[in-house]
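User: I'm new to this one. Could you walk me through it?

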Amino acid sequence: MALDKATIAKRYAVALFELTHDQGTDTETLAELSALRDVLEQNPEFTKALLSLRIDEAAKKKMLATLSEGTSQVVGNLIQMTYDYRRIQNLPAIITKYEELVHKAAGIVNAEVQTAVPLSDDQVSRLKEKLVQRYQANEVRLTQSVDENLLGGVIVKANDQILDGSLATKLAAIRQSIIR
């Protein structure tokens, strides 16, 4: 039975997190992996070359050595393992899942906020305070986007949850209560 990308990413990330968390190297490992993810995302042809049947194994080994150059043993082992098991294409997803685990352990919540108009600094501060309380976090990092299709209100995506405080949703709820 083939595993999906999310399951693979989670399994590898959890195993890596358990190892680095026990060693107290979460932050350093995350920094290395984030740089690695940037390289892979900026050069998608690199991963395609590693998976290609047209490129000989010796050339692929050189490419892997270049990719692993200057990394810690843990990160180098992860690169090699994902290549050996033909999961190198999943490496960015593994890194993203690992990042989530590190942030969760540190009490950091990453939140995406959609609004109809940009939030003021005061509104951002109040929203962060509410999210810190809701998620019992040490820190909330907000990424804001403006969606002109929203009538008003806020939609927040954080910790695999969507908090929909948009005006359209509120109006729909009112409409439903009237119909009942």
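Here are some questions and answers about the fold.

Analyst: Quick ground rules: this is a predicted model, where local features need pLDDT of at least 70, side-chain atom pairs count only at pLDDT 80 or more, and totals for chains, interfaces and linings use all residues. Residues are numbered from 1 along each chain as its sequence is written, and side-chain values use heavy atoms, leaving out hydrogens and water.

User: In what order do the elements of the protein run from the N terminus on?

Analyst: Helices (H or I, at least four residues) and strands (E, at least two) are DSSP runs, numbered from the N terminus. The protein has 8 helices and 4 strands. Their order is α-α-α-α-α-α-β-α-β-β-β-α.

User: How many bridges join β1 to β2?

Analyst: Strands pair if DSSP finds at least two bridges between them. β1 (residues 108-115) and β2 (residues 139-146) run parallel, and valine 113 stands opposite glutamine 144 in β2. The number of bridges joining β1 to β2 is 8.

User: What share of the residues count as buried?

Analyst: Buried means under 20% relative accessible area, with a 1.4 Å probe and protein chains only. Of the 180 residues, the share is 34%.

How values were computed: Buried means under 20% relative accessible area, exposed over 50%, partly exposed in between (1.4 Å probe, protein chains only).
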